Amino acid sequence: MIQVDMVQSPLAWLLLLLGVFVFVAQRVLRRPPEQRRVPQSTTQPFTPRAKQQPEYSEDAYYDIEPLHGLKLESEQPIQLRTFKPKYHLTMALENTTMSDLVAMDNTYESRIKLRSDLIRDNKYDVLAHRPVVGPAVLEFYTWMLEYLPSRFPTVYTRTPTGLFNTVTNSTLPHAITDTEQALTLLGSNVDTDFLFLLPIPATDPNHDPASEGPQYRLEGFVTCFPSGFSTRSKLGLSLSAIHTPVPGYAAKLQKSMDRFFAALPVGRIVKRHNWTVTTRPDLFATSGTHIHSDDPLAEADALLEEEEEDVDLSRTVLRCERQTLHRLPGTRALVFAFKTYTYPIGQVREEGSGEALAEAIEGLGRGNVPEMTVYKRQVVWAPKVTAFLRGGIDG
Ligand SMILES: *[C@@H]1O[C@H](CO)[C@@H](O)[C@H](O)[C@H]1NC(C)=O
Ligand SMILES: *[C@@H]1O[C@H](CO)[C@@H](O)[C@H](O)[C@H]1NC(C)=O
Ligand SMILES: *[C@@H]1O[C@H](CO)[C@@H](O)[C@H](O)[C@H]1NC(C)=O
């Protein structure tokens, strides 16, 4: 047979090899420069891709859309009104782009001042890392030095030695090898909180052999604006252990969260929002926004009434987080990022969203996890806050 003869002939083999070589060379040369910058950790040149599946690639990290016209002073904060009449504990993710990772507005200067103060005075609570996460933090820091001036050229500019922040007049140097320094610089130049997660190795005593895929745990963070807990106390904990206090998490969310985190491909980034009402406006809140089942408030009605009296409507805010999750292409760590927004409930009422928010507050007890009313202290603040939102009483 002809084919067999061809394959057996040394000349045919040579031609075949030459063909493969030319094909590979063409592919490499055709790649844009951005794509060669990062190691090709996930794509194998000869793996055929299924047509229907979306293609995620490392190009996504360098395909950043610039906001040339951005003027921070006149940029209003995003107004998130994502509450629904019934509260359902779900992932509720939407797809987004790497460009969308950080959002900036006219609160930047005061926020960044607060963040720097917190990192100086409350470092134990707001910034920590374990040695294993160093390479991931440095990978992200290096990428951010490209991302920030590409996305926000009116705020951050490139210099020969690093990145210049035109608001604070500080410089973020390129050559950084210290994880804590990288976290400090990120935390005090970007108004977004960052948490870094890595898979628990199979050899680790905390690895759960019953889990289907790899389980992720928190290895490092800079979070200046926690909403009622100490991020420090979560260091080293798995996703499920982090969420132990959240009612309904284990039953409703844990499996799908673990699966989602394990499978998130390089190049895909997702976004979600959550909301609550807090009776204190402080952005840095390590306690006071939740009631846990071992709390005396969870039972005593008298205590509850006393707390209810204390609700100060002028200090009460709608608090929202805009969260994203993506994977780093080199170290394959997951980066969970969030920006916190607070809106005085007086503003929510004035704009005409009072009834919708009051309904959503009552809806906390009408969804798939009615225990949310206790967990979010709704039982304490709801009567007064809903009356105010509906115009029945004034602040
Ligand atoms: C986001 O993208 C994934 C993968 O392309 C797709 O399966 C999913 O349906 C998309 N989600 C939404 C909310 O559009
Ligand atoms: C940054 O430098 C500019 C120009 O020198 C100056 O006007 C501004 O006050 C400085 N800002 C800070 C925060 O130091
Ligand atoms: C939003 O969800 C995160 C967990 O994903 C939680 O830590 C945080 O307290 C929530 N924040 C608000 C404002 O509800």
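## Crossing of α6 and α7

In this predicted model, helix α6 passes helix α7 in a left-handed crossing. Helix α6 covers residues 134–151 and helix α7 covers residues 179–187; their axes come within 9 Å and cross at roughly 40°.

On the α6 side, the contact is made by Gly-134, Val-137, Leu-138, Tyr-141 and Met-144. They meet Thr-179, Ala-182, Leu-183 and Leu-186 of α7. The residues of this contact divide into 7 nonpolar and 2 polar, with no charged residue.

## The open sheet

Seven strands form an open sheet with antiparallel pairing, in the order β1-β8-β9-β10-β6-β7-β2. Its edge strands are β1 (94–96) and β2 (127–129), each of which pairs on one side only. On average, neighbouring strands of this sheet are turned by 35° against each other, direction ignored.

Within the sheet, β6 (residues 193–199) pairs with β10 (residues 334–344) in the antiparallel sense over 5 bridges. Phe-196 has Val-335 in β10 as its bridge partner.

## Surroundings of ligand 3

The shell around ligand 3 consists of Ser-227, Gly-228, Asn-274, Trp-275, Thr-276, Arg-319, Cys-320 and Glu-321. Two strands, β8 (269–278) and β9 (317–327), are the elements that give two or more residues to this shell. Both strands also belong to the open sheet.

By residue class, the shell around ligand 3 divides into 2 nonpolar, 4 polar and 2 charged residues.

Technical notes. Residues are numbered from 1 along each chain as its sequence is written. Chains are lettered from A and ligands numbered from 1 in the order in which they are written. This is a predicted model: local features need pLDDT of at least 70, side-chain atom pairs count only at pLDDT 80 or more; totals for chains, interfaces and linings use all residues. Two strands pair if DSSP finds at least two bridges between them. Helices (H or I, at least four residues) and strands (E, at least two) are DSSP runs, numbered from the N terminus. Axes are lines fitted to C-alpha atoms, for helices over the stretch in contact, and angles run from 0 to 180 degrees between N-to-C directions. A residue is near a molecule or strand if its C-beta atom, placed from the backbone, lies within 6 Å of it. Ala, Val, Leu, Ile, Met, Phe, Trp, Tyr, Cys and Pro count as nonpolar, Asp, Glu, Lys and Arg as charged, and the others, Gly among them, as polar. A crossing is left-handed if the near helix is turned anticlockwise from the far one by less than a right angle, and right-handed if clockwise. Two residues are in contact if their C-beta atoms, placed from the backbone, lie within 7 Å.
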